[in-house]
Amino acid sequence: MTRIDAKFAALKEQNKKGFVAYIMGGDPDYDKSLAVMKALPAAGVDVIELGVPFTDPMADGPTIQLAGQRALAGGMTLEKTLQMARDFRAEDTTTPIVLMGYYNPIYNRGVDKFLDDAVEAGIDGLIIVDLPPEEDDELCIPAQAKGINFIRLATPTTDDKRLPKVLQNTSGFVYYVSITGITGAAEANAATVAPEVARIKSQTDLPIIVGFGVKSPETAKSIAGIADGTVVGSAIVNQIAEGKSVEDIASFVKSLADGAHAA
């Protein structure tokens, strides 16, 4: 059982919804990014999604693209993102960390080396959005053999024919993308999302966590109420981009986490 499995099992036992927070590793710089990361668990975050900055993202909207550019301009790399996880783990051995990014830096590093380093750094899960199920042998299967969850995205365009393939080797949780589009765009709507979550739940026992378009405590509560939890990324990254203090960012995150936990 991974830290992710254990966390969602504990939440289920408490009849509580999960809250996942995304930050971009190295934004705006290594030290502040790490300080924000370290503040997340006390703010109520159940799972941390740590972005690996990449030059050519596919699913990320302007807010997260700019965060990636700031991080890259500051010299952030895949290795330094793993080091962030190591530094975090020096103080926190229980909060799950999901690395989110793209395959190119992993391929460049070498899959075996990357997975060994990820395990050593305390990474619990991967979301690699540009690796479809047809390429599971590339990273998904080797990752799971090392005890790392491979989390897949399902979207409004994932029809009944495609869904079983998407779920086939997914573990940890299923990330449901609430809108057709990029991160930080339209507001998620619980009434629209609810039937889609129910459809996915009929095909898997994994927790369904809904992200994209969740920007406020109210939306976090409404979305978590029809799923097993919610993810917030762009709204948090916006706070970092505005130069808010670590304390103010943590306070904002707590309001979102409180919303999700009240569902």
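By class, the largest pocket is lined by 14 nonpolar, 5 polar and 2 charged residues. Here Ala, Val, Leu, Ile, Met, Phe, Trp, Tyr, Cys and Pro count as nonpolar, Asp, Glu, Lys and Arg as charged, and the others, Gly among them, as polar. This is a predicted model, in which local features need pLDDT of at least 70 and side-chain atom pairs count only at pLDDT 80 or more, while totals for chains, interfaces and linings use all residues. Residues are numbered from 1 along each chain as its sequence is written, and side-chain values use heavy atoms, with hydrogens and water left out.

### The two pockets

A pocket is an open set of points on a 1 Å grid over the protein atoms alone, where a 1.4 Å probe fits, with protein on both sides within 12 Å along at least five of seven lines; lining residues have an atom within 4 Å of a point. Grid points are joined across faces, edges and corners, and a volume is the space filled by probe spheres set on the points.

The largest pocket holds about 350 Å³ of space. Among its 21 lining residues, V129, R152, L153, T155 and T158 are the closest to the centre.

For the second largest pocket, the volume is about 280 Å³. Its lining counts 13 residues, and those closest to its centre are F8, K12, K201, P207 and D228. Which element gives the most to the lining of the second largest pocket? That is α1, with 4 residues. Helices (H or I, at least four residues) and strands (E, at least two) are DSSP runs, numbered from the N terminus.

### Backbone and loops

Most residues other than glycine have a negative phi, and most peptide bonds are trans.

| Residue | Phi |
|---|---|
| N15 | near 55 degrees |
| F212 | near 75 degrees |

N15 sits in the loop between α1 (3-13) and β1, and counts as exposed because its relative accessibility is 69%; exposed means over 50% relative accessible area, buried under 20%, and partly exposed in between (1.4 Å probe, protein chains only). F212 belongs to the loop between β8 and α10 and is buried, with a relative accessible area of 6%.

S216 is also found in the loop between β8 (208-211) and α10 (217-225). At 17% relative accessibility, S216 counts as buried. Leaving aside neighbours within four places in sequence, S216 is in contact (heavy atoms within 4.5 Å) with E187 and L256.

Finally, the peptide bond from D27 to P28 is cis, its omega being near 0 degrees. P28 lies in the loop between β1 (18-24) and α2 (30-39).
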